[in-house]
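Good morning, and thank you for coming. Please look at the sequence and the structure together while I speak.

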Amino acid sequence: MGAGQPTISYHLGALETHLGAELVERSPTGAILTDVGTMVLEHAGAVLDRIDAVEADVEARAKHGVSTLRVGAFHSAASRLLPQAVRDAAIGSDVRIELIEAEPLDLVARVRAGSLHCAVIYDVGGARARYGAGVQSETLFDDPYRVLLPASHPQARAAGPVDIELPADDGWIVSRGSYDPSDQTLFATCQSLGFRPRTVLRTDDYGVVHGFVAAGTAVALVPELAVEEGYDVVVRPAVQNLGSRSVRFLALHGPQSALVTRLRGTAPRGSEPQGALTEAHSRTGGAPPSIDHMEPCRTPLHTCNGARL
């Protein structure tokens, strides 16, 4: 234990005096715990764990400027982009990671308020970064839109990009709100072609989108990062210029913790999302409203799981 018997006896006696109870039964052959002593021992383990946690927090703050790193992200980024990046950034540190999953406007507000150290959001591709004077942003990559078709769809059997006009009679799946950038892109493109897409389902869950498309119920327009495996669907670029959304890293201006800097450095970058399905690419086109004009998510941050992000 690293201490002699006299020292242990002294501290044990002081603890018994403080608690007003006998913790051990002493005898010439040794000592055994009383019932009260056994109960105190159980609490002592938790107390020591808390002391260890405090020491780790203090050491982490001294080394990295933060003891708990609070990172925000939209659903697709949280599941596909951040796990490896956070792991790589946190190697060698005792910092705990707290992930907040939410929609972009909520994440921007959290970064501005200082309740998040950093966040990964999406915005309209090419939109000017206007998140507040105290927020800096960096574009990680552009996330192009793709047409999601049932594997049995006639256009799925044809090679190459899909003409949005050809599945005009098909039903489309859109989000529940009216401010989703992919929906704005879809409606703007269809309007330029002289028709309005027929909505058959509204959902904010991409798993639901994939399931209904696979069943042949409808078609959908999705960002490439949101494409999921395990469904009987075909992913195609479009003949029309649908553009893309920008995936961006946000943090406050000014001095930042070393861990935020490391996380920014390990976040995926490039012209394509990680693990993307590529055939042909359409990156320019009509611009849907930017994040400045999107309606905030009304769902509490910790219950935004599964949002169509």
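Let me begin with a term: two residues are in contact when heavy atoms of theirs lie within 4.5 Å. By that rule, and leaving out residues up to four places away in sequence, Thr68 touches Val95, Arg96, Glu98 and His117. What we have here is a predicted model, in which local features need pLDDT of at least 70 and side-chain atom pairs count only at pLDDT 80 or more, while totals for chains, interfaces and linings use all residues. Residues are numbered from 1 along each chain as its sequence is written, and side-chain values use heavy atoms, with hydrogens and water left out.

Thr68 lies in strand S3. Helices (H or I, at least four residues) and strands (E, at least two) are DSSP runs, numbered from the N terminus. Is Thr68 buried or exposed? Buried means under 20% relative accessible area, exposed over 50%, and partly exposed in between, with a 1.4 Å probe and protein chains only. Thr68 has 16% relative accessibility, so Thr68 counts as buried. Its side chain also makes a polar contact of 3.2 Å with the side chain of Arg96. A polar contact is a pair of N or O atoms within 3.5 Å; within protein, one must be able to donate a hydrogen and the other to accept it, and residues adjacent in sequence count only if both atoms are side-chain atoms.

I turn now to the aromatic rings. Rings of Phe, Tyr and Trp (its six-membered ring) pair if their centres lie within 6.5 Å; planes under 30 degrees apart count as stacked, over 60 as edge-to-face and the rest as tilted. By this rule there is one aromatic pair. Phe74 and Tyr122 form this edge-to-face pair, at 5.2 Å centre to centre with 85° between the planes. Phe74 lies in the loop between strand S3 (68-73) and helix H3 (75-80), and Tyr122 in strand S5 (residues 118-124), so the pair ties together parts that are 48 residues apart in sequence. Phe74 is buried, at a relative accessible area of 0%, and Tyr122 is buried too, at 4%.

The next topic is the interior. A nonpolar core is a set of buried Ala, Val, Leu, Ile, Met, Phe, Trp, Tyr and Cys residues joined through side-chain atoms within 4.5 Å. The largest such core has 25 residues, and Val120, Phe249 and Leu263 have the most contacts inside it. Among the elements giving two or more residues to this core are S5, strand S11 (244-252) and helix H9 (258-266). Which element gives the most to this core? H4 does, with four residues. Val120 touches, among others, Phe74, Leu107 and Phe249. A second, separate core of 18 residues includes Val147, Ala156, Val174 and Leu242.

Let us look next at helix H5 (residues 104-113). Its buried residues are Pro104, Asp106, Leu107, Val108 and Val111. They pack against S3, strand S4 (96-101), S5, S6 and S11. After H5 comes Gly114, with a positive phi near 85°.

Finally, consider strand S10 (residues 233-236). Both of its faces are covered: Val233 and Val235 on one side, and Val234 and Arg236 on the other, are all buried. S6 and S10 run antiparallel and are joined by four bridges; two strands pair if DSSP finds at least two bridges between them. Val235 in S10 is the bridge partner of Leu148.
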